[in-house]
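Work through these exercises with the model open beside you. Try each task before you read its solution.

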Amino acid sequence: RVSPPVAMVSQTDLASFATWFVASVVGHVLLRLAWGAAAPKVIGKAKWDALPEPKRYSLRFAPNMALNGLVAPLVVVPALTRLPALTRDGAFETVGTVAHPNASVACALAIGYMAFDLGSMLVGYEASVKANGLLTFHLYVWHHLLSILFWPVAILHGSFVHFVNWFVASECSSLWLALRGAMLSLGTINTPLGLIVQLLFVITFFGSRIVVMPDLVRAFVFADWDKVPGWQAAIAKATVPVPFALNVYWGLMIARSVAKVALGGKKKRDAAPAGKTD
């Protein structure tokens with residue numbers, strides 16, 4: 001079947017998306033600068049100076065990660081549906097969908113954070129690699145880069161919006177991961193509050209990334225591919241499975257660590273990198 005013409009992106013939609021994106025980037029830069037100046041005073045200068053640089057790095061960026069993990073998922077909630085609508089042929093709609101206005105705003109906010117975080121990781125390459133590990137660093141870079149490049153394509157063209165919505169919603173686990181990373185850096189993770197934070201991280205990670213995966217895979221496999229323009233289909237087939245693979249990878253790491261803790265083995269601090277899982 002010949003692919004239909006690609007719909008033009010509304011200038012109003014593009015301007016609105018760009019505005020929210022820029023606001024997100026600027027907001028995260030300002031937050032980073034403000035917290036960077038306040039952190040030594042809040043934590044205590046002597047304690048701050050005694051921390052190794054990788055731990056200071058995690059603490060510097062924890063508020064940004066937490067903010068993204070709170071705001072973007074909350075904004076996208078009204079746009080979430082368990083599955084996309086069905087076409088008359090019984091396949092799941094993939095193109096030409098009428099997206100909830102919050103979908104665009106939430107996506108712009110999320111990739112604004114990712115653009116800020118990606119830039120920060122590249123500028124502070126050495127500290128970021130020490131804080132996260134080389135493999136994890138590269139996973140973050142490619143995750144952020146692919147999201148920044150292709151999520152706006154989906155949102156602005158009304159294609160595969162359902163998946164982007166759920167990917168944005170899955171950022172909710174980053175709120176607790178940021179708190180967990182900060183507590184690891186400060187040595188307060190093995191406290192009752194630290195246990196609560198870690199439990200909430202595990203619950204939100206599996207709830208927003210693993211539990212919903214069967215529905216997302218079903219919607220992807222049985223999508224109405226005949227209606228998808230060729231170039232969009234190529235992008236979707238190459239990029240939509242990437243978050244699935246990353247979430248399975250992180251999920252196995254977390255499950256393994258939780259099992260070790262339950263069996264009295266290594267501490268739960270190995271459940272995920274101190275920095276983040278995206």
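**Exercise 1: a serine in a helix**

The side chain of S147 comes within 2.8 Å of the backbone oxygen of H143. That is a polar contact (N or O atoms within 3.5 Å; within protein, one must be able to donate a hydrogen and the other to accept it, and residues adjacent in sequence count only if both atoms are side-chain atoms). This is a predicted model, where local features need pLDDT of at least 70, side-chain atom pairs count only at pLDDT 80 or more, and totals for chains, interfaces and linings use all residues. Residues are numbered from 1 along each chain as its sequence is written, and side-chain values use heavy atoms, with hydrogens and water left out.

Task: Find which helix holds S147, and which residues S147 touches beyond four places in sequence.

Solution. 
1. S147 sits in helix α6. Helices are DSSP runs of H or I, at least four residues, and strands are runs of E, at least two, numbered from the N terminus.
2. Check burial. S147 has a relative accessible area of 4%, so it is buried. Buried means under 20% relative accessible area, exposed over 50%, partly exposed in between (1.4 Å probe, protein chains only).
3. List the contacts (heavy atoms within 4.5 Å). Leaving out residues up to four places away in sequence, S147 touches I111, M114 and P152.

**Exercise 2: the faces of α11**

Task: Which residues of helix α11 are buried, and what covers them?

Solution. 
1. Helix α11 spans residues 230-239, and Q232, A233, A236 and T239 are its buried residues.
2. Look down the axis of α11. These buried residues fall within an arc of 155°, so they line one face of the helix. The arc is that of the directions from the helix axis to the C-beta atoms.
3. Turn to the other side of α11. K237 and A238 are exposed there.
4. Find the cover. It includes α6 (134-157), α10 (213-221) and α12 (241-262).

**Exercise 3: a positive phi**

Task: Where is F160 found, and is F160 buried or exposed?

Solution. 
1. F160 lies in the loop between α6 and α7 (161-169).
2. Read the backbone. Phi of F160 is near 55°, a positive value in a residue other than glycine. Most residues other than glycine have a negative phi.
3. Check burial. F160 has 7% relative accessibility, so it counts as buried.
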